[in-house]
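Please open the model in your viewer and keep the selection panel at hand. The stops below take you from one selection to the next.

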Amino acid sequence: MKRLYFRETPPAEYLDPRRASAFRRRLLRWYLDNRRVLPWRDTPTPYRVWISEIMLQQTQVGTVLPYYDRFLQRFPDIPSLARASESDVLQRWAGLGYYGRARRLHQAARILWPARQGKFPEEYEAVLALPGIGPYTAGAICSIAYNQPRPVVDGNIRRVLVRLLRIGGKVREGFFWDQMTALLPPNQASSFNQAMMELGAMVCTPHRPQCGSCPVARVCRALESGNPSRVPVKHPRGSRPVHLLVLLLEKEGRVLLASSGKPGFIPGAWGLPCRVLADAASAESEAARLIREITGRAVSPVPLPPFRHAITHRRITVHPFGSTAEPTTVQGGGYQWVNRKRGKDRVLSSLFRKALEAGAGAGA
DNA sequence: ATCCGGAAGC
DNA sequence: GCTTCCGGAT
């Protein structure tokens, strides 16, 4: 099998088999003893699980509870949901938010009835194909309602795994799915998946995790070494947008690189001359000022199309500027004229590479 | 005021 | 791969 060549050594991140089975046993024991009583857990029919999972997308259990009961009273099964008008469905959804969920739920019901006599599909691919159902929800329905051995990964589970395995840096999304596949007990997928999510919601919470009462504390790598509430590393998220002025100064087909003066959030030894702006409006005047600082001459900046760039949860709007005339000299050290090809190799930050390309396209 | 989060559409 | 969709918790 070609899969053999995928990894030369077993990846260290996986729990060894003994730890993994201890983890499953303790987690399942805890879940069966401590799980919350929830309406969709009483009689987990596919329809009831489906509605609950759609409502629970981006929404906490406590918020969903009152809506769930009212919704199921009014739409107890797929035919009743399919026969209802969209506005009727939206009325019952009002207040829950993300109204696209309700529309897609309704669309899906209309696909299933009368075509499939209102019977919810059992096959994963068929479930996944329904509107509003992505990989997470399809896995959740198939595992919870049918006990099919399908992994699920949601925000709670990502956090539990990151702490359990003490994942420091970034990992690709597939990593979590691989881990869940490896941990999943084939005959208890329903309980196991719900237990992982329950642990994330009740014990392994984003803030102040209750490690003292965690059933799997003894196998948790984050607890073993340091403070689990520091894992995962928090990144400032909605941090205020940053505007960055970037200069593309050219001379005889070469571009001016700068070795210093970059804002702290841009990696790499070399970049383009740049400056953080207070706001987008000041871009042009700051560009003129910076050109004069570097070249000692008053040369008019030529605005190039701004673009967005995201690094480490910072939203940067880059305002590149060329210039009307080729500068003759540069003042001070830390600058170097480099031809474009070499410049691209030299510049480590993808932000500056993007700016270089933008400049080339615009003929700056 | 900031963090949190699945799916779809681009 | 980035945005948008929303309300609740803190």
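Helix axes here are lines fitted to C-alpha atoms over the stretch in contact, and angles run from 0 to 180 degrees between N-to-C directions. Helices (H or I, at least four residues) and strands (E, at least two) are DSSP runs, numbered from the N terminus. This is a predicted model, in which local features need pLDDT of at least 70 and side-chain atom pairs count only at pLDDT 80 or more, while totals for chains, interfaces and linings use all residues. Residues are numbered from 1 along each chain as its sequence is written, and side-chain values use heavy atoms, with hydrogens and water left out.

Begin by selecting helix α1 (residues 17-34) together with α12, whose axes come within 9 Å and cross at roughly 80°. That angle makes α1 roughly perpendicular to α12, given that angles under 35 degrees count as roughly parallel, over 145 as roughly antiparallel, 65 to 115 as roughly perpendicular and the rest as oblique. Contact means heavy atoms within 4.5 Å, and among the residues that make it are Phe23, Trp30 and Tyr31 of α1 and Phe192, Met196 and Leu199 of α12. The residues of this contact divide into 10 nonpolar, 3 polar and 2 charged, where Ala, Val, Leu, Ile, Met, Phe, Trp, Tyr, Cys and Pro count as nonpolar, Asp, Glu, Lys and Arg as charged, and the others, Gly among them, as polar.

Next, select the open sheet of 3 strands, which has the order β2-β3-β8 with antiparallel pairing; two strands pair if DSSP finds at least two bridges between them. The edge strands, each pairing on one side only, are β2 (250-251) and β8 (335-339). Between β2 and strand β3 (residues 254-258) there are 2 bridges, and Glu250 stands opposite Val255 in β3.

Terms used: Chains are lettered from A and ligands numbered from 1 in the order in which they are written.
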